[in-house]
Amino acid sequence: MRFAFDDDQIDLRDAVRGLLADTCPPETVRTAWSNSTGRSDAAWGALADMGVVSMALPVDAGGLGLGALDWVLVLEETGRVALPEPVVETAVVGAPLLHALGCDVPAPPASIATLLDSGASLYADTAECLVVLDGDALRMVDPSTARLTAEVSVDRSRRLFAVEMAAGAGTVVATGPQARDAVAAARDRGALAAAAQLIGLAERMLATTVEYVSVRHQFGKPVGAQQALKHKLADVAVAIEFARPLVYRAAWSLDAGDPDSAVHVSMAKSQASDAAELAARHALQCHGAIGYSYECDLHLFMKRAWCLARSWGDARSHRDRVAAAVVDA
Amino acid sequence: MDLTFTPDEQAFRDEVRTWLSENAPSEPLPSGDTADGFALHLEWERKLFDARWSVVSWPREYGGREATLMEWLIFEEEYWLAGAPNRVTQNGIFLLAPTVFEFGTAEQQDRILPRMAAAEELWCQGWSEPDAGSDLAAIKSRAERDDDAGGWRIYGQKTWTTRGAFCDKLFGLFRTDPDAERHRGMTYLLVDLDAEGVTVRGVDRLDGDEGFAEVFFDGAFVPDADVLGGVNQGWSVAMSTTGSERGLTLRSPGRFMATAHRLVDLHRRCREEAAPDLRDAVARAWIQAEAYRWYTFATVTRMVDGHQPGAESSLNKIFWSELDVDMHRTALDLLGSGAELDEGAEGATDAGLWMKGYQFALSGPIYAGTNEIQRNIAAERVLGLPRK
Ligand SMILES: Cc1cc2nc3c(=O)[nH]c(=O)nc-3n(C[C@H](O)[C@H](O)[C@H](O)COP(=O)(O)OP(=O)(O)OC[C@H]3O[C@@H](n4cnc5c(N)ncnc54)[C@H](O)[C@@H]3O)c2cc1C
């Protein structure tokens, strides 16, 4: 038993952290809220150059051949900066899914949108390829042949689309149990990736709040010296610290092909969702009205957390999966 | 990362499991916080010791088996899963012992540790006083120099001393320099409770067991050989003990995993009548017990790599103590109106141990430094928030 990342994994995380600090500051996220694509462009290109977009593809398919244990740390970093990009859908869910089913996936893959999580598809308008489960058939559809109707997410950088397409559109990639199993695995990767992003987001909100309450003075001292705020933030730290190991453990289980890996993913996602929501709630309260303003960056992270907490399954539905395996058995 | 157990670790687990299945009492012992129950727990402790299971991670010469930290965690998992008795030796083996290993002289180690491992000498913790709880540095009990006798004469009172009425020895903090600033001038003394000038009075706890004691000192003698870690160094020595209390050793994950298992089992028996949302609460309990388990594997890995845990052990203490309360609360909800049936009641489910356990769980956020104090520490020393 050894629960620690190796140096290569930490180095990759640090490299991604550095790259995103440069290419995805809060202004980038803010720009994505109102630009035509909802995306960062510069950060995506830089991540593609670094190999991150194709990281989960095998080396002989032009990828980095990384497993969940490697990419989970990368995803945490994308959460930390609220990266407005389909990194979950493309790098972690779509590309490996299509590759595993024998499709030719370019490396780096162009962006991929899916209809595997909810009824709306994230960044479908800028994706080259849309992956849809249609009955028991998994299809690859060219989004330009589908009718996309823009939805409006509270996180304006999350460009969601309702998708209508002609019966039998696109090409069938897999059917029956093969499609079902591949999609189940892809959804688990999506849930784990979202969990990792939520950890990064929660840490970001905590760090930003610690900084703010240390400098904001009322009653002649920093508001962060008030115990009521200290205790809220300590509770956030507890929530994060006791969600994180479940995320890493689920990543290990996915890589190891553990028969219970889906349950482990659900443990991770439920705890990470709850931790990030707690972080958002307390971060806002500790900021006071400034945090309630559109101008303050906090809401960029908070709204992303609200969305991701319910993407790829919310805390409750994942606990339901755990209950089915552990409690009902 | 390798989240599998090595063949050695697995073999160790198998050995522990086999021994426990053959030797652990099949019925829970009466509470170790009563005189009769304590005596039965001591018999059990001696049985553990004879088979070298009482202090698995200690050196062989003191009765251990030099198990690794990981193996110790495995031992704890198996121990609690087997439903083996509470450790009435815990304040010695889990709190004092790590401090003796760190600060004790060779003579002290050789004298104290083997008898502690064998449960021949039972230790209690003498820190709190009537006017010094969270503010431990406010203690007033004092030790006066007795040069002729080569030691100290102690005066004052300790309180809330767990199982003090049944123990032989007390490790405590005493003021040795009345002029020093609050955190200085304290000394960590090892006191013989049978010494002349010591009076111990048992005090009942919330559940009615005599689990607390008050200890009065009126000139009792403590020889120099029983100063642990140097005169006036008591505070820093005591901080080492609190690290063990909040961090790894006092409450290992095995205990809470075992409670989660029992809770799932209880749900199975009660689910027909229980409110449907309790299924979610049970799943949450399970997930959180797992979270603590994996968090601890990460902590131990860091320790194996040479990093000593610091203030983050406060996060740990908050988490396990709140989890324990939540799990027992869920159990009471599952039991519904039957939850109130106490030990000894004919109709009590699981012999009333859930209500008993709930009462004990409620002390978790109080002892070992209250959770308010832990949150202060976490906020200031982990997050770096301003003190004032
Ligand atoms: C089951 C049990 C076993 C125990 N065993 C032992 C033992 O063996 N040996 C021993 O020495 N002691 C023991 N104790 C005592 C324990 O260490 C103290 O209860 C604890 O340190 C708190 O002190 P107090 O009870 O005096 O509460 P107080 O310090 O009086 O606190 C009362 C309330 O005020 C809050 N409070 C105090 N200061 C602050 C602050 N700065 N910020 C925010 N809130 C604050 C506390 O959190 C608490 O809610 C035991 C206690 C229990 C419940």
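**Exercise 1. Locate A:Ala100 and decide whether the residue is buried or exposed.**

Step 1: A:Ala100 is found in helix H5 of chain A, residues 87-100; helices here are DSSP runs (H or I, at least four residues), numbered from the N terminus.

Step 2: The relative accessible area of A:Ala100 is 60%, so this residue is exposed. The classes are buried under 20%, exposed over 50% and partly exposed in between, with a 1.4 Å probe and protein chains only.

Step 3: For a sense of place, A:Ala262 lies 162 residues away from A:Ala100 in sequence and 18 Å away in space, C-alpha to C-alpha.

A word on conventions: this is a predicted model, in which local features need pLDDT of at least 70, side-chain atom pairs count only at pLDDT 80 or more, and totals for chains, interfaces and linings use all residues. Residues are numbered from 1 along each chain as its sequence is written, chains are lettered from A and ligands numbered from 1 in the order in which they are written, and side-chain values use heavy atoms, with hydrogens and water left out.

**Exercise 2. Work out which residues come nearest the ligand, and which atoms pair up with its nitrogen atoms.**

Step 1: There are 17 residues around the ligand, and B:Gln125, B:Ser128, B:Ser134, B:Thr162 and B:Thr370 come nearest. A residue counts here if one of its heavy atoms lies within 4 Å.

Step 2: The site is shared between chains, because the surrounding residues come from chains A and B.

Step 3: Now look for polar contacts (pairs of N or O atoms within 3.5 Å). From chain A, a side-chain N or O atom of A:Gln227 is 2.8 Å from a ligand nitrogen. From chain B, a side-chain N or O atom of B:Thr162 is 2.7 Å from a ligand nitrogen, while B:Trp160 brings a backbone N or O atom to 3.1 Å from a ligand nitrogen.

Key. Polar contact = N/O pair within 3.5 Å; in protein donor to acceptor, adjacent residues only side chain to side chain. Helix = DSSP H or I, 4+ residues; strand = E, 2+ residues; numbered from the N terminus.
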